[in-house]
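User: I would like to go through the packing and sheet arrangement of this model. Please take the points one at a time.

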Amino acid sequence: MRAAPHFRLGLIFLAVALSVAPLRAQDRLQVVTSFSILGDFVKNIGGDRVEVTNLVGPDGDVHVYAPAPADARKIAKAKLLVINGLGLEGWLPRLLQAAGGNAPIVTATNGIAPLKLGSDADPHAWQSVANAKKYVSNIRDALVAADPAGAETFRQNADTYRAKLDGLEREVRDAITQIPESRRKVISTHDAFGYFASAYGIQFIAPLGASTESEASARDIANIIAQIKAAKIPAVFLEKISDPRLMRLISDESGARVGGTLYSDSLTDEKGDAPTYIDMVRHNIRALTSALAN
Ligand SMILES: [Zn+2]
């Protein structure tokens, strides 16, 4: 029996409506990420097919996170766990052991050649936009494996987002060329910009080392001030998760400009300066160009 044309058309409409209708919350792929920047990548690629939970949310410090019992429950329910790797989530192995569950884990930095920070790998690979595109590819492949029915959506979303990142990378490079070469150096409280420095040619000098756990001594501060004067560093930055009083003191003593906030390891909430990765990079590049302008 052949279906009447209008009946077949109706079936086609139904099929199209079903395929574009957003999934209900409980039907979405439950994805847990270790911190907010990964969460933003997952949302951009997963769209309506995923429900994203960050263990360390906006404005949190992923280096020194202390997992709560609720985090173990989130992991136990997850269908995919997205982590940065390169030693960023030192607290994760114990949490995984406590949580159980058998969700696949994707390391978003897979395939990225790590820079060194002291004797360890530098985990802040997302600060180069070229690396962010690798994160996107890794997350896309993991989403496709976890939810094959969404493969086409994930691929299209990833292509769209990667094109935005290409545009962002051009913005960063154009902005840096506006800064006189002799002024492309800053001091920042948290040594999180190694990949940015290496990709875009701005020198970052960090007084506090890699982790926000360490405190600077009076002698460290004296050394920093001497360093700023000797190297004629034009600007210092108050990273939001370190002590701003320290940077003011350094600025007063050295004459370097205080350049506002650079976001490194966390997004802000919706009302902040950096609710998405792209907003974060744009904010940072504006802060850098205005602090380093003549
Ligand atoms: Zn960091």
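User: Which residues have the most contacts inside the largest nonpolar core?

Analyst: The model is a predicted one. Its largest nonpolar core comprises 73 residues. Another core, of twelve residues, lies apart from it and includes I221 and A256. Inside the largest core, the residues with the most contacts are F41, F196 and Y277.

User: Which residues is F196 in contact with, leaving aside its neighbours within four places in sequence?

Analyst: F196 is one of the residues with the most contacts inside the largest core. Leaving aside neighbours within four places in sequence, F196 is in contact with Q127, S128, V172, I176, G201, I202, F204, I285 and L288.

User: Are α2 and α6 parallel or oblique to each other?

Analyst: Helix α2 (residues 36–46) packs with helix α6 (residues 151–177), and their axes are 7 Å apart. From α2, D40, F41, N44, I45 and G46 meet T153, F154, N157, A158 and Y161 of α6. By class, this contact has five nonpolar, four polar and one charged residues. The angle is about 120°, and α2 and α6 are therefore oblique.

User: Which strands stand at the edges of the open sheet?

Analyst: The four strands follow the order β2-β1-β3-β4, with parallel pairing. Each edge strand has a single partner, so one side of it is left without a neighbour in the sheet. The strands at the edges are β2 (50–56) and β4 (105–107).

User: Which residue in β4 stands opposite V82?

Analyst: Strand β3 (residues 80–83) runs parallel to β4, and three bridges join the two. Opposite V82, the residue in β4 is V106.

Methods
Residues are numbered from 1 along each chain as its sequence is written. This is a predicted model: local features need pLDDT of at least 70, side-chain atom pairs count only at pLDDT 80 or more; totals for chains, interfaces and linings use all residues. Side-chain values use heavy atoms; hydrogens and water are left out. A nonpolar core is a set of buried Ala, Val, Leu, Ile, Met, Phe, Trp, Tyr and Cys residues joined through side-chain atoms within 4.5 Å. Buried means under 20% relative accessible area, exposed over 50%, partly exposed in between (1.4 Å probe, protein chains only). Contact means heavy atoms within 4.5 Å. Axes are lines fitted to C-alpha atoms, for helices over the stretch in contact, and angles run from 0 to 180 degrees between N-to-C directions. Angles under 35 degrees count as roughly parallel, over 145 as roughly antiparallel, 65 to 115 as roughly perpendicular and the rest as oblique. Ala, Val, Leu, Ile, Met, Phe, Trp, Tyr, Cys and Pro count as nonpolar, Asp, Glu, Lys and Arg as charged, and the others, Gly among them, as polar. Two strands pair if DSSP finds at least two bridges between them.
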